Amino acid sequence: MGTAPTQCPPGISANLHAKFDNRIEFSCSNFPSTLNISKLNCHPNSKGLVNRICSLPDIDDLFWEKVPTPILDVVENPMHLKNLTIKELKLLADEIRSELSSIMSRTQRSFKASLAAVELTVALHYVFHAPVDKILWDAGEQTYAHKILTGRRFLMPTLRQKNGLSGFTSQTESEYDPFGAGHGCNSISAGLGMAVARDIKGKRECVVTVISNGTTMAGQVYEAMSNAGYLDSNLVVILNDSCHSLHPKIEEGPKTSINALSSTLSRLQSSKSFRKFREAAKVVTKRIGRGMHELAAKVDEYARGMMGPLGSTLFEELGLYYIGPVDGHNIEDLICVLQEVASLDSMGPVLVHVITEENQGSEHDQKRETEEKQQEGLSLNGTRSFSYGEHCRTYSDCLVEALVLEAEKDKDIVVVHAGMEMDSSLQLFQERFSDRFFDVGMAEQHAVTFSAGLSCGGLKPFCIIPSTFLQRAYDQVVHDVDRQRIPVRFVITSAGLVGSDGALQCGAFDITFMSCLPNMIVMAPSDEDELMHMVATAAQIDDQPVCFRYPRGALVRTDYPICSGTALEIGKGKVLVEGKDVALLGYGAMVQNCLKAQTLLSKLGIDVTVADARFCKPLDIKLLRQLCNSHAILITVEEGSVGGFGSHVAQFIALDGQLDGRLKWRPIVLPDNYIEHASPKEQLALAGLTGHHIAAATLSLLGRTREALLLMC
């Protein structure tokens with residue numbers, strides 16, 4: 001491997017060399033350190049993390065200027081926390097927060113949720129014995145401190161990059177991640193399953209699940225809690241409450257107070273002696289009879305309701321023993337409570353309510369996080385790009401402006417939003433029509449049926465849900481909307497590839513699962529003008545459901561005029577460029593890449609037609625027949641899975657006899673595998689959906705294989 005040239009900050013000399021024992025050593029006069037690749041989960045249980053990560057970070061990333069982290073430097077895995085004192089654990093938490101802030105400043109990514117959960121993460125790994133004990137997380141954004149403590153510190157600069165660390169927990173990445181998560185609301189269900197399996201197999205490991213305040217909006221959490229209370233298996237649920245979500249209205253409710261009294265009560269609640277006394281009291285009152293047990297239960301409920309915050313008895317009703325609130329930034333309190341909880345044997349499920357402050361990070365985190373997602377999208381040349389800087393106009397901006405224009409004309413238009421977080425663009429509609437905007441959080445199933453109810457009541461709901469989260473509500477889409485032919489207007493955001501959010505939030509399947517529904521109108525805009533028209537079209541449809549999708553990211557043009565859309569003829573596509581040799585029929589955002597392919601092919605003397613399908617269902621039958629009859633080759637292009645737009649085209653042209661003659665038809669779709677996190681441009685290349693890939697596929701069909709290969713070089 002030899003000696004590699006390096007660049008250190010001014011005044012620091014560096015030397016990097018590798019040995020045959022998988023150890024990379026480097027030394028700086030002010031920053032001595034040793035990195036052992038074999039420690040980076042490169043053991044038999046690591047499931048190939050380093051092998052999967054083909055390219056390590058640039059060597060410059062090893063030497064960014066940052067404050068010293070002497071304690072963190074000696075923590076290679078959670079076992080090294082066991083011998084630290086409380087004072088050292090506090091210093092370790094500060095160092096982790098500093099480390100995350102340093103990485104954040106270099107990678108321009110928001111670590112706000114993880115910054116808030118640093119002390120909780122340290123306490124969890126100090127008390128429990130991962131990976132034997134299972135620690136599950138609902139939200140990937142909370143896990144970055146966990147990744148640092150579990151041997152992935154060196155790879156943190158590769159977070160969400162191609163072949164780098166996932167932004168979520170991943171079983172393939174580390175043995176310390178017992179379950180893949182990131183969508184939210186699944187950790188209690190998975191953890192309960194692990195706990196029951198443990199009991200059946202006669203094992204004794206602890207199972208801990210960490211949920212967030214946003215998770216408590218999802219129904220699956222309460223289904224899992226209710227089942228946990230019924231099964232009574234030992235399970236620890238940590239509610240990391242950063243927004244005090246136990247209050248009915250977060251913005252109006254007083255903050256849950258953390259003081260000496262609540263800290264003392266939390267320690268008392270978690271103690272083994274108190275739990276045993278409480279269980280013994282239940283047995284005694286049952287033996288006394290004559291309603292004494294019910295009376296004692298009421299007294300216990302009222303007493304605990306007075307001690308705990310508003311809503312705490314809900315968890316008791318579900319069968320979980322409630323402890324809290326606990327200061328999530330007081331390591332000593334956290335360790336005391338968690339140690340007591342870990343020592344409980346056969347006491348059933350426990351919920352520990354931990355209060356954390358999300359402002360532990362930079363005040364600009366939220367703005368940066370929003371801009372990051374907005375700017376992952378279509379650039380001017382039709383390929384996905386990623387950049388930072390000033391805010392780019394997005395498809396969401398265009399959608400909201402169109403909705404505002406339609407809502408000003410029609411007082412029946414309302415908006416229902418569901419998902420992990422609300423796009424900042426929607427605030428414009430919320431401010432203009434506060435009584436006609438409903439954000440239900442991570443309750444997608446409720447959002448769909450709620451929208452159906454609004455429609456039955458005479459309103460015109462636009463139900464806005466990211467593609468990957470709409471999957472959760474598919475049963476409601478089928479039975480509560482489509483089967484009853486209720487006119488709900490589904491706006492499917494973040495459709496297709498989503499860059500650094502990888503496979504977990506990729507919107508690959510909505511074309512397929514929406515277009516197979518008998519009563520659903522399915523369409524997709526190719527640019528901002530078409531999006532405005534489709535909003536107007538959806539507003540006028542009042543006898544059946546309709547959906548349209550658009551990608552995450554910037555608009556094709558930046559100078560588009562804000563004007564009201566015009567309703568489209570249902571099932572009517574259009575030809576953008578006339579040609580005679582090959583027909584490219586694009587659906588949605590892929591029309592732009594078809595246009596790029598047409599430009600490339602025209603330089604090679606190939607006359608190409610580019611058509612915008614607009615509708616997947618119903619198809620433009622007249623346009624399809626025209627393209628089939630006047631071209632020898634038809635290629636359909638979509639940013640969706642097998643079974644979507646191309647399959648509907650194939651079904652028609654096969655039944656219509658178009659494939660019985662000279663016509664060659666080929667579909668270009670997302671590959672039949674999950675595309676992991678990378679930049680949007682890299683993901684499109686991996687998927688074979690760039691303009692160059694489309695042009696190369698065309699050349700191959702024309703028998704010009706050499707030119708196709710040269711085009712991809």
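Does Ser494 count as buried or exposed, and at what relative accessibility?

1. Ser494 counts as buried, at 14% relative accessibility. The model under review is a predicted one. In it, Ser494 has a positive phi of about 50°, although this residue is not a glycine. Its place is the loop between strand E14 (489-493) and helix H20 (510-515).

2. Asp232 is another non-glycine residue with a positive phi, here of about 60°. It lies in the loop that runs between helix H8 (219-231) and strand E6 (235-241). Asp232 is partly exposed, because its relative accessible area of 46% falls between the limits of 20% for buried and 50% for exposed.

3. Two cis peptide bonds deserve mention. One joins Ala130 and Pro131, with omega at about 5°. Pro131 lies in the loop between helix H5 (118-127) and strand E4 (134-137). Another cis bond leads from Gly324 to Pro325, and its omega is near 0°. Pro325 is found in a strand, namely E7 (residues 321-327).

4. Met156 lies in the loop between helix H6 (144-152) and helix H7 (187-201). Its relative accessibility is 0%, so Met156 counts as buried. Leaving aside neighbours within four places in sequence, the residues in contact with Met156 are Leu100, Ile103, Tyr144, Lys147, Ile148 and Leu165. Between Met156 and Gly167 there are 9.8 Å in space, C-alpha to C-alpha, and the two are 11 residues apart in sequence.

5. Helix H17 (residues 444-456) packs with helix H19 (residues 474-482) at an angle of about 10°, and their axes are 9 Å apart. H17 is therefore roughly parallel to H19, as the term applies to angles under 35 degrees. On the H17 side, Gln445, Val448, Thr449 and Ala452 make the contact, while H19 contributes Gln476, Val477, Asp480 and Val481. By residue class, the contact of H17 with H19 divides into four nonpolar, three polar and one charged.

6. Val582 stands opposite Ile633 in E21.

7. Finally, the cysteines. How many disulfides does the count come to? The count comes to zero, where a disulfide would require a pair of cysteine sulfur atoms within 2.5 Å. Two cysteines may be set side by side in terms of accessibility. Cys456 is exposed, with a relative accessible area of 60%, whereas Cys628 counts as buried at 5% relative accessibility.

Methods: Residues are numbered from 1 along each chain as its sequence is written. This is a predicted model: local features need pLDDT of at least 70, side-chain atom pairs count only at pLDDT 80 or more; totals for chains, interfaces and linings use all residues. Side-chain values use heavy atoms; hydrogens and water are left out. Axes are lines fitted to C-alpha atoms, for helices over the stretch in contact, and angles run from 0 to 180 degrees between N-to-C directions. Helices (H or I, at least four residues) and strands (E, at least two) are DSSP runs, numbered from the N terminus. Angles under 35 degrees count as roughly parallel, over 145 as roughly antiparallel, 65 to 115 as roughly perpendicular and the rest as oblique. Contact means heavy atoms within 4.5 Å. Ala, Val, Leu, Ile, Met, Phe, Trp, Tyr, Cys and Pro count as nonpolar, Asp, Glu, Lys and Arg as charged, and the others, Gly among them, as polar. Two strands pair if DSSP finds at least two bridges between them. Buried means under 20% relative accessible area, exposed over 50%, partly exposed in between (1.4 Å probe, protein chains only).
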